[in-house]
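This report describes selected computed features of a protein complex.

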Amino acid sequence: MTGLSVPHAAGYVDNGGPKVVTSRFVHEDSYTLERSLATGGYEGLRAALARPPADVHAEVRDATLLGRGGAGFPAGVKWGFCPEDVWPRYLVVNGDESEPGTYKDRLLMERDPHQLIEGCLITCYALGLSQCFLYVRGEMALAQERIATALNEAYEAGYVGRNVLGTDFSVDVTLHWGAGAYIVGEETALIESLEGNRGMPRLKPPYFPAAIGLYGQPTIVNNVETLANVPWILANGAEAYRRMGSEASPGTRLFAVSGHVKRPGVYEVEQGVTTFRDLFYGDEFCQGIRDGHQLKMFIPGGGSAPWFFQEHLDLPLEARDVGAAGSMLGSGALVVMDETTDAVKACHRMVRFFARESCGKCSPCREGTNWEEKILARILDGHGRPSDIDLLLDVGDNISPGPYPVASHPDEGLDAVPFPPRQTTICPLGPSSVACITSTIRRFRHEFEAKITRGEAIPVEAAHPGEETGS
Amino acid sequence: MSWFDAARERTARDILARYPKPKSAVIPLLHLAQEQEGWVTPAAMGEIADLTGTTPAEVLGTGSFYEMFKFHPVGTHLVNVCTNVSCQLLGGEELLHHIESTLGVKSGGTTDDGMFTVEDVECVAACTEAPCFTVNYRYFHRADTDTFDEVVADIRAGRSPIERGAAGDAGELPIHGTLGRVRQQVPEGRRAGVVPPDQVEGAPSWMATMSGAPTGGQVVDAAREEE
Amino acid sequence: MSAEGQSVEITVDGETVAALPGELLIEACERTGTYIPRFCHHSRLEPVGMCRMCLVEVDTGRGPALQPSCMLPCTPGMVVDTVSERTRKAQDGVLEFLLVNHPLDCPVCDKGGECPLQDQTMAFGPGESRFVEEKRHFEKPIPVNENVYLDRERCVLCDRCTRFAGEVAGDQLIHFMERGGQTQVNTFPGEPFSSYFSGNTVQICPVGALTAAPYRFKARPWDLEEVESTSTLDSVGSRIAVQSSRDRVLRFQGVDADAVNWGWLSDKERFVFEAYDHEDRLATPLLRGDDLGNRIPDGEALVAAPWSEALGVAAAALAAAPADRIAVLGGARLTNESQYAWAKLAKGVLGTDHVDAQLGDGLPAEVVLGLPRATIDRACTPGGAIVLLGPDPKEELGALYLRLRHAVVHDGATLVELTPRRTGLSAHAAHSLRVLPGGAAAAVDAMFGAGSPAGEAGLSAGELAAAGATIAAAVAEGRPVTVLLGRPSLAEAAGPVVDAALALHDYLPDAGFLSLLRRGNVHGALDMGLAPGMLPGRVALDGAAGVSAAWPTVPNGRGRDALGILEASAAGEVDVLVLLGADVMADVPDRDLAERALAGARTLVAVDLFATPTVARADVVLPAAAPTEVDGTFTNLEGRISLVARKVTSPGTARPDWAIAVELADRLGTDLGFGSVDDVLAEIASVSDVHAGLDAVGLVEATREGLLLDGGADLVRPDRTEVPVNDAYGLRLVADRSMYDAGVLVSHSPSLAGLAPDTVAGLEPADLDRHGLAEGEVVDLIADRGTIQVAVTADPGIARGAVHLRFNQADVDAGRLIDALVPVTGIRVGRR
């Protein structure tokens, strides 16, 4: 089995494993209502409507459907956090996929919008949510068109809107265009944005969306991929779902592998049973690092995740294990970098991202990320100072405090950097900028020093030695 | 007299009707305004403030938070080049430099003929298809300098370059401002109904009946139900 | 909040302290003596937790973690360390971040010396910055309105000004713009921060980003002397700090009195000190004379004269006049003590009861003092109900408006408006009903099911019944109901308003009434007896027991009210008319009557701050001291008494009003017995049960809120006013006041003088159509009294059948149309 690229679903590779959310991708017209209905579309909704809402909720809870947006919290449990008897409640779908390295929700929205809509409907039915807002990242024009078309078809056909399928279940699903701001992927910022405000995160507590969300009402915020799993669970049952993946992380997940691999792509992978090595080197997956090169480092879960190295390759793709190793699976975005990669430059590019995307609400993130970016830019420009490494670490420490004082005991301090990060900020964006700085300085301090003292690019052989090309 | 043209004023009303609170429509209406003029004019923001019960300062405050809204004229074709790490690794920055030198403008600039504005942007969620650029938010996957040159040639020749994107997209490439060539349209009578949160009383009906009970006379999908 | 049994025990730096239930950690710490630095937190604004300066280590059982103390409600057992190494490091880090883009222009910054950022940096900051990059640059201060400048480089983006604008003032005209490192506060291009309350943003700015034009570069904080006082500008009695340098007042700052103004001021309250400092202030007595400065009785001009001579002329005129031909108008500008001294002179020495502090624009004292009174706090009770039967509080009583707005917008109070025109609160009202002048009593009857609605106003029985039901529901649920009572229009006599108020009192016997009489210390004047038929202590003339020991005499019958006095004067029946700061020409609704009255008075004595057009007609002008120049007390619209403090000396020989009364009495052969303000206050306390036990020391020691005086007068019910039926083509005039007008204080405050709106006549759009008028067309407004020319505009906020004008504006004189002696003023529109 070598896996099958599917050109019309750009980037998607059918690796031959079990499929929950990509089963229709092989069809070129997978986004139409006709194809959806012909391939079991809306059967999960029918199954749900035949049962009491609480049963439907229980089914999803029993499936242990972990959130696919980054935090990995079980959706069924999150659904249970709505305070009793407070109405109305809302569903907000987080389709603001913008985490660097992440490409999966766009694919799901473009290729199978009905699956997502069906997941939304089942969720609304289960929890008594009176309206669903499908917040789609603004830059995803095609995804918006596909969802708009799908909603228009589904409304017309009676799957959405008043008296869904002739029952007393009525719900409007509203497509909402975002407008370009990474931070809106944070759920409280998403709610602010949906209320017509600047997308600046709210402080948790007290603003846990399930209790105080959209318009101050209980609100469930779920990621696109999370909801795309729901129809399958209702159609096939939680037990069948749990038979895939590992006990702690059942089911499948989409992983986007980009960077220096032979076959970058989006793969639906059983969680927990596949390792990073499998994914990067497996024949049905990425088929190894590009010819003649070696792995230097990789980002295991999107731009916010601390970086991993050779020694992490045999970890399973499971949130718990990756977390214990000091990073996260996050949004299922893996960026693979070979030995030609300039660690300082890559670090700077990631920090520049956070500096540009900081919402500006809290001082440590607004000022700190921009300061970090300026220091790194200066180092890249050959104007670094010997004190800059400590300065970077200490500025980082003031955003994401580690053991105090970090700068004076860099090695001890860095090893002991807590994960998940402590933060002086409102949300994790600022600390995310620190994660890649500490990751890279910790491993490639010599590259920083070389840039600072000699203003030069790294020698290739100074990258991590002793690397295998994989099996 | 609305600032929006007649058709878009109807769309604006339709958008407003989808939200329990009017301020939620600010971002969709800013998109609608940008669709009409190619950028968001001060007069448009005044109109949106009126429609949503906010002030122009609030509309600009919200709008200027988001990158996609332009508060000055830009080219009819907005070229966004991703240079974030996945694209950087595979030549995104080199692609940007090619585009800048080909068009003769730096990131943020607009060509003299008003056709192209170039931006160096953050991750556009096409990481496995790096390097990538978009034109008016239509994707061009695994792009190289030739791809871009062909796209420019197409645009200048009045041809749609969209299928060169290899991104599953097809049809015409709309000019800047038009985000979706299709909009959500809820047929009258199919709408479940949007109610301001403070006017909602109690749980929705199906939570009370504890099932998706048939409503009797209103079965809209009867044919299928009988299958 | 204060129930001790419910307090929450927490540990702060090793000490156990009691927090109030729900209290935020930062406030609990401050209240118990531990100050946590902050920039964004402000106790009167919603917490946002943005600046992160107040991070402290908190252990709630899961180990210590850095938490923003401004967002964290105290919970039992919380262990807080405000000085731990980690807390210190976090706070130092935040401070450094804030300084990254903050310019080092402290030497030329108005905030220097009173700047929390500067103070923090001096106390805890590092010696030099580790930030070697270029700082963010913006155009240096840009005006955001006529009086407020914004320096975005200094701004630390704490969101205080922008939160104030949105949450408190409801004028979201400044806002965060852009994102991240480019975030800035700004206005929409071409749309300035035109808010009546903009000055508050300057006061709460924690750095020097916002500065107020009247204070820019005037002084350094260490040069300022300060005294706490009460704003006498309007009847809210906002607490203020009066700050001066070298005997000149340079700034008023709001002081947070929990029961009153919460630290907020209207810009008019804030910047009016400029008028007191104006070079046009009267500095010497004036008598009639010629252009060369020679004293000539009945001369064309006013010429300077020594006090002895001026007092002599006034005293002689008073001595020669029979008591019944002496009248005193005005006095709302005065302190309680000055009012008492003048009441004693007029009523207790001269024996006249033709005394009225109101100028035909108020309500009878017996009604204001006789109805059950409410406090601001009662009106603003969370979940309470408010009935507005009066003017727009936003235009007339700015600080009260902010309290009311908070109650309605944030605290779930229910508002029902019975007003002829939309108000600043209408957008938040449960029922905002447009009532034609004269129609309020009928509307009240219809609300409570006992009459037919005032149909002409376009009000349906259903709307009125729904509003009534809303109030009835509040009563049924035990929520307090408060009526805000004042004159909605100066073109509607007091009678119809009183009728509506009494009807509300009858239907809602438990409702409290909060007076919206707006002028300065008018409630003090009513308490001190500057009203016909009243004596000090809220008692009627026939209850003279209190003053009998202290006063030589007492009037033998109820005198005339202001309109009566003016009529009598016009008829030549007044020998001496004393005007205590009464700008009759500007403030009496009926301009024609005012002119005839001034012409008819034999001797006109004016005690004032400025040579107003009214004063220019006086025979004797006595210069008085301004509120910043006198000690004394003030009584606000709740009946709350608080201190007014002298900060600077008066110009020239201007004197406190009470001292002028003492001098005049002396020349009339009576010793009022007052050598000081304290003497007057002591006598007030001895003659008035309401004021019993009061002394200045006690007031100083009392809370910042002042003391609420209990006790009212007997309610006197006048006969119900018959309102004529509106004919089909006639309109009823609605003339109300705006925040900025042609009044003497506004026009002498350079920061405020330019802010008065252009005057246009507003008609409901359908009325505009019905009369075939075009927007902007100049028409004749024709009343029985006179005709004026004015442009018309469509005003969806005005009642059908009414025409709206702003009163006392420089360009259009609505007073020319008003006949104060009829219940309502009818208008016909003539096309030109």
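How far apart are the mean positions of the positive and negative charges of chain B? The 18 positive and 33 negative charges have mean positions 4 Å apart. Lys and Arg count as positive and Asp and Glu as negative, while His and the chain ends are not counted; the place of a charge is NZ of Lys, CZ of Arg, CG of Asp or CD of Glu.

This is a predicted model, in which local features need pLDDT of at least 70 and side-chain atom pairs count only at pLDDT 80 or more, whereas totals for chains, interfaces and linings use all residues. Residues are numbered from 1 along each chain as its sequence is written, chains are lettered from A and ligands numbered from 1 in the order in which they are written, and side-chain values use heavy atoms, with hydrogens and water left out.

**Chain B**

Chain B has 9 helices and 4 strands; helices (H or I, at least four residues) and strands (E, at least two) are DSSP runs, numbered from the N terminus. Their order from the N terminus is α-α-α-α-β-α-α-β-β-β-α-α-α. The radius of gyration of chain B is 22 Å, well over the 17 Å that the globule rule gives for 227 residues, so chain B is more spread out than a compact globule. That radius is taken over C-alpha atoms, and the rule is 2.2 Å times the number of residues to the power 0.38.

| Property of chain B | Value |
|---|---|
| Span of C-alpha trace along principal axes | about 65 × 50 × 35 Å |

**Interface of chains A and B**

The contact (heavy atoms within 4.5 Å) takes 104 residues from chain A and 82 residues from chain B. The two chains bury about 7500 Å² between them, 54% of it on carbon and sulfur atoms; buried area is the accessible area (1.4 Å probe) that two parts lose on being put together, summed over both. In chain A, the residues that lose the most area to chain B are A:D168, A:W177 and A:R349, together 10% of what that side buries.

A:V335 lies in strand β10 (residues 333-338) of chain A and counts as buried at 1% relative accessibility. Leaving aside residues up to four places away in sequence, A:V335 touches residues of both chains, including A:M297, A:F298, B:V85 and B:L89.

**Helix α19 of chain C**

In helix α19 (residues 562-570) of chain C, 7 of the 9 residues are buried. Among the elements they pack against are β16 (326-330) and α21 (591-600) of chain C. C:G572, with a positive phi near 80°, follows α19(C).

Definitions and conventions
Buried < 20%, exposed > 50% of the residue type's maximum accessible area, 1.4 Å probe, protein only.
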